Amino acid sequence: MAATWRSLCAAALLAGAVLPALAVELPRIHPGQWEVMTVLPGGEPFVHRECLADTFLSGSATSRTPENAGCTDRGVRQKGTTYTRELRCTTADGKTEIRRSQWTVKSAIYLINKSERTVHGKTEPIAQVELVRAGDCPAPSPKK
């Protein structure tokens, strides 16, 4: 079954790809049209374009989701232009899962995110997402 771009991005973002504004102030992105390439483990890269506001990396872009209901947010750490968030979660079967998401800001128009999870000492990738600003958002089409 082919996944849509929305389900691919949702999987990556819900896995912890978007960082909340906690103790560390995250950089704002330039609003506009961004080319988003998502790669899930064992999958082919999926590329689409989307108009994003400068709040994409802000805390307003995240909320408590059902996927994160049993999780404790360990906060955001910054080292240079890399921001790492870690969630410690208890799964439905009582196992502890650690979800890590790492954003690297290459420039004001280029960001990379890598997400992974660790269960019973085994770490596996969740997704890699690259975002490159492609220009301004197209003007809305006139309604007919």
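Guide: Welcome! A disulfide is a pair of cysteine sulfur atoms within 2.5 Å. This is a predicted model, where local features need pLDDT of at least 70 and side-chain atom pairs count only at pLDDT 80 or more, while totals for chains, interfaces and linings use all residues. Residues are numbered from 1 along each chain as its sequence is written, and side-chain values use heavy atoms, leaving out hydrogens and water.

Visitor: How many disulfides does a search of the whole structure find?

Guide: In general, a disulfide is a covalent bond between the sulfur atoms of two cysteines. Here the search finds two. Cys71 and Cys89 form a disulfide with sulfur atoms 2.0 Å apart. Cys51 is joined to Cys137, with an S to S distance of 2.4 Å. That pair links distant parts of the chain, 86 residues apart: Cys51 is in strand β2, and Cys137 is in the segment after β7 (122–135).

Visitor: What do I call a strand?

Guide: Strands (E, at least two residues) and helices (H or I, at least four) are DSSP runs, numbered from the N terminus.

Visitor: Is Cys89 buried or exposed?

Guide: Buried means under 20% relative accessible area, exposed over 50%, and partly exposed in between (1.4 Å probe, protein chains only). Cys89 is buried at 2%, and Cys71 is buried at 9%. Cys51, by contrast, is partly exposed at 40%, as is Cys137 at 34%.
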